[in-house]
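Here is a short tour of a two-chain complex, written to be read alongside the coordinates. Have a look around first, and then let's walk through it together.

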Amino acid sequence: MTDDKQTIALGLRRRDPDVLDQLIEQYQQRLYRYLLFLTGNPALAEDFFQETWIRVLERGEQYNAKSKFESWLFAIARNLVIDASRRKKFASLEDFADPETQQPFEPPDLHATSALQMLLARENQQAVQISLLKIPAYYREVLLLRFHEELGLEEIAAVLAAPVSTVKSRLYRGLAALKSVLTEGAA
Amino acid sequence: MNENLHQRAQRLLAESLVEGIAAPDQIWLGQHLRDCADCAREAAATQELLQALRGVPVAVPRDLVARTQLRVRLRAQEADESSRSGLLLWVITAASWLLGVLSAPLVWRAFAWFGGQFGVPRLALVMGFVLWWTVPALIAAAAVLYQRGVAQGFASHRLPRESKTRR
């Protein structure tokens, strides 16, 4: 793992295009998903995806291989989104997703074992997708980082540049908010 | 079973998901969930929610990776060229400065001869000499700053919106 991080750091310092190609390939799903969760908007997520990798190229020498590469990558992506929001594209992180106008994410290719399971799983996931768009982006973000990316609390704190206590409180509140929105949706 | 036990169970359930709980708490929670149908239902619903959250599918747009790789390669090339031309500019500036230092006595003599021939006041000669020295340095500094500004402007403004025009 450390060797991986060192190899990445070395490749980034050298601005090695092959290393960057490989990283883009490797982290495409995770970065795009994070941006999609953060912005709630596929077009914006796509733009930020490209911009994030350009920033990785330009600031590659700043990656010191002490932290996980994905934490550093997510932090870059997050800062870009926040910078864009400050350049008056959006009023705040909460405004990224408008539940009235945004569509849920693209439909899945499910590999469930039966048609009924597929249908149930799909309905459940779609309910979660829609509910996710109804909770504030800063809750959505920590939920993704914790339960999808399975980052530790300290790693999430590094991405957010916030104390661990803030991360915990957002996770608790985010879970509660998601449950509450799901319950409302089901009623 | 009183209300406090349920509240404790709910708290531990949430803590176990967010930050983990100690072994004795885990044992207590497991026991409580076996005894309390309501809390067990709540725990199952939460697990189902997380399962659904983990399973939220996201399809990366088909050619996004290829487009990004291309742009990153182009940007890397541009950065290399810019860095090479920047280095060249510094070398030229350094050479010009060195030449200026070495030729200063001769230039001053030339200014003194010119002043003697045409009766130019000494103050004007000194100012002319200072300008002879500072103008090239100022031009070089302006060129470096301009080049840096262009490179940064390119990096921060040109890139973001390209993919939108493709859709």
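How many residues does the contact take from chain A, and how many from chain B? This is a predicted model, and in it the contact takes 41 residues from chain A and 34 residues from chain B. On the chain A side, the elements giving two or more residues are helix 2 (17-39), helix 3 (42-59), helix 5 (115-134), helix 6 (137-148) and helix 8 (164-186) of chain A. That side of chain A is made up of 22 nonpolar, seven polar and twelve charged residues. For the complex, the predictor gives an ipTM of 0.74 and a pTM of 0.68.

Now to confidence in chain B. Its mean pLDDT is 80, with 87% of its residues at 70 or more.

| Element of chain B | Residues | Mean pLDDT |
|---|---|---|
| helix 2 (highest) | 23-35 | 93 |
| helix 6 (lowest) | 162-166 | 39 |

Residues 157-167 of chain B have pLDDT below 50, and this stretch has 13 contacts in the model beyond near neighbours in sequence. Where pLDDT is low, the predicted coordinates should not be read in detail.

Helix 2 of chain B spans 19 Å from first to last C-alpha, close to the 18 Å expected. Of its 13 residues, one is buried, so this helix is hardly covered.

Finally, the cores. The largest nonpolar core has 55 residues, and Leu31(A), Tyr34(A), Leu35(A), Phe48(A), Leu73(A) and Ala77(A) have the most contacts inside it. Helix 2 of chain A gives the most to this core, with eleven residues. Leaving aside residues up to four places away in sequence, Leu35(A) touches Ala45(A), Phe48(A), Phe49(A) and Ala77(A). Another core, of six residues, lies apart from the largest one and includes Ala9(B), Leu12(B), Leu13(B) and Leu29(B).

Methods:
Residues are numbered from 1 along each chain as its sequence is written. Chains are lettered from A and ligands numbered from 1 in the order in which they are written. This is a predicted model: local features need pLDDT of at least 70, side-chain atom pairs count only at pLDDT 80 or more; totals for chains, interfaces and linings use all residues. Two residues are in contact if their C-beta atoms, placed from the backbone, lie within 7 Å. Helices (H or I, at least four residues) and strands (E, at least two) are DSSP runs, numbered from the N terminus. Ala, Val, Leu, Ile, Met, Phe, Trp, Tyr, Cys and Pro count as nonpolar, Asp, Glu, Lys and Arg as charged, and the others, Gly among them, as polar. pLDDT is the predictor's confidence in each residue, from 0 to 100. The expected span of a helix is 1.5 Å times one less than its number of residues. A residue is buried if 20 or more other C-beta atoms lie within 10 Å of its own, exposed if 12 or fewer, and partly exposed in between; C-beta atoms are placed from the backbone. A nonpolar core is a set of buried Ala, Val, Leu, Ile, Met, Phe, Trp, Tyr and Cys residues joined through C-beta atoms within 7 Å.
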